[in-house]
Amino acid sequence: ANPDLHDPNSPTQRVGGAPLDAFEQRAHLLPMLSIDDLFTDEEVGEFFKRLQKGLGLAKIPLTVEPKIDGVACSLVYRDGSLEYALTRGDGTRGDDISQNVRTIRNIPLNLENAPPLLEVRGEIFMPSDGFAKLNIQRDEDGLDTFANPRNATAGTLKSLDPKVVASRPLAFLAHGLGANEGTDMENEDDFRTLLKCFQIPRNSPIWYVSTLDEVLAAIRELDIERHD
């Protein structure tokens with residue numbers, strides 16, 4: 001009745017709006033690159049040696065953290081309001097999935113005392129418990145079940161109907177910083193503090209390491225802890 005009062009980040013958007021005809025594409029503010037895979041201790045060692053050579057340092061201050069297997073997503077906030085959300089796409093342009101993302105309950109739609117521009121990058125995923133319940137419900141409804149949480153997440157986000165997305169147990173975890181203006185961050189800890197201030201979920205736990213042996217030890221510890 002009053003379209004001039006429409007707010008794209010109103011709490012009413014949590015339940016999903018009208019279906020889309022198609023996703024629009026939008027350019028990333030900064031390239032959104034993929035993450036390289038390393039599978040062996042030897043490959044990790046070669047990576048660490050490249051850092052040592054490139055930086056001219058024997059010890060390299062690094063953090064080790066879990067990588068959630070979901071769908072990469074960029075959240076762009078302007079003046080504290082979620083302006084849009086994009087998939088990674090080809091790294092230069094991605095699909096605008098803003099309507100779907102606004103239905104994900106643990107993504108804040110508005111940030112208090114936020115900088116003029118803040119781009120938060122992370123993963124949209126489906127927690128294990130929610131995935132199990134979704135498959136039980138689909139089986140009871142006579143529908144095909146999803147093979148794994150990653151496929152369920154990707155399939156859900158491709159839906160042009162935000163109400164379908166709102167009915168699925170999706171969540172978000174931040175792990176990277178994109179474009180930003182008006183922030184005063186010197187390191188990863190400053191970024192994590194900012195995420196905590198804005199109640200944006202982030203990866204945990206974090207290991208602080210500076211030698212190859214410490215990197216490998218953290219990876220082995222994570223490989224055990226990740227099963228729980």
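C73 is buried, at a relative accessible area of 0%. C197, in contrast, is exposed, with a relative accessible area of 57%. The model is a predicted one, and a search of the whole structure finds zero disulfides. A disulfide is a covalent bond between the sulfur atoms of two cysteines.

**Overall layout**

- The chain holds seven helices and eight strands.
- Its C-alpha trace spans about 65 × 45 × 30 Å along the principal axes.
- The chain has 228 residues, and 39% of them count as buried.
- Taking contacts between residues at least 6 apart in sequence, 75% join residues at least 24 apart.

**Strand β3 and its partners**

- β3 covers residues 71-78, and six of its eight residues are buried.
- On one pairing, β3 runs antiparallel to β6 over eight bridges. A72 has E123 of β6 as its bridge partner.
- β3 also pairs with β4 (residues 81-87), again in the antiparallel sense, over six bridges. Here R78 is bridged to S81 of β4.
- In a regular strand the side chains alternate between the two faces of the sheet.

**The β3-β4 hairpin and D79**

- Two residues lie between the strands of the β3 and β4 hairpin.
- D79 sits in the loop between β3 and β4 and has a positive phi of about 50 degrees, although D79 is not a glycine.
- Most residues other than glycine have a negative phi, and most peptide bonds are trans.
- D79 counts as exposed because its relative accessible area is 65%, over the 50% cut-off.

**Other backbone features**

- N113 is another non-glycine residue with a positive phi, in this case about 55 degrees.
- The loop between α2 and β6 is where N113 is found.
- With a relative accessible area of 78%, N113 is exposed.
- The peptide bond from S204 to P205 is cis, and its omega is near 0 degrees.
- P205 belongs to the loop between α6 and β8 (207-209).

**Helix α4**

- α4 is made up of residues 149-157, and its buried residues include A152, T153 and A154. T156 and L157, towards the end of the helix, are buried as well.
- An α-helix has 3.6 residues a turn, so residues three or four places apart point the same way.
- The buried residues of α4 pack against two strands, β3 (71-78) and β6 (117-125). They also pack against the helices α2 (98-101), α3 (128-140) and α5 (162-166).
- β3 and β6, both packed against by α4, are themselves paired in the antiparallel sense.
- N148 caps the N-terminal end of α4. In this cap, a side-chain oxygen of N148 lies 3.2 Å from the backbone nitrogen of R150.

- The structure has one cavity of 30 Å³ or more.
- The volume of the largest cavity is about 50 Å³.
- β7 (171-181) and α6 (188-197) are the elements that give two or more residues to the lining of the largest cavity.
- α6 gives the most to this lining, with four residues.
- Residues lining the largest cavity include E188, F191, R192 and L195. A174 and H175 line the cavity too, as do E65, R202, N203 and I206.
- Rolling a probe the size of a water molecule over the atoms shows where empty space is left.

**Helix α7 and I224**

- I224 is part of helix α7, which covers residues 212-225.
- Although I224 is in a helix, its relative accessibility is 64%, and I224 therefore counts as exposed.
- I224 and N110 are 114 residues apart along the chain, and their C-alpha atoms are separated by 36 Å.

How values were computed. Residues are numbered from 1 along each chain as its sequence is written. This is a predicted model: local features need pLDDT of at least 70, side-chain atom pairs count only at pLDDT 80 or more; totals for chains, interfaces and linings use all residues. Side-chain values use heavy atoms; hydrogens and water are left out. A disulfide is a pair of cysteine sulfur atoms within 2.5 Å. Buried means under 20% relative accessible area, exposed over 50%, partly exposed in between (1.4 Å probe, protein chains only). Contact means heavy atoms within 4.5 Å. A polar contact is a pair of N or O atoms within 3.5 Å; within protein, one must be able to donate a hydrogen and the other to accept it, and residues adjacent in sequence count only if both atoms are side-chain atoms. Two strands pair if DSSP finds at least two bridges between them. On a 1 Å grid over the protein atoms alone, a cavity is a set of points where a 1.4 Å probe fits but cannot get out, and a pocket is an open set with protein on both sides within 12 Å along at least five of seven lines; lining residues have an atom within 4 Å of a point. Grid points are joined across faces, edges and corners, and a volume is the space filled by probe spheres set on the points.
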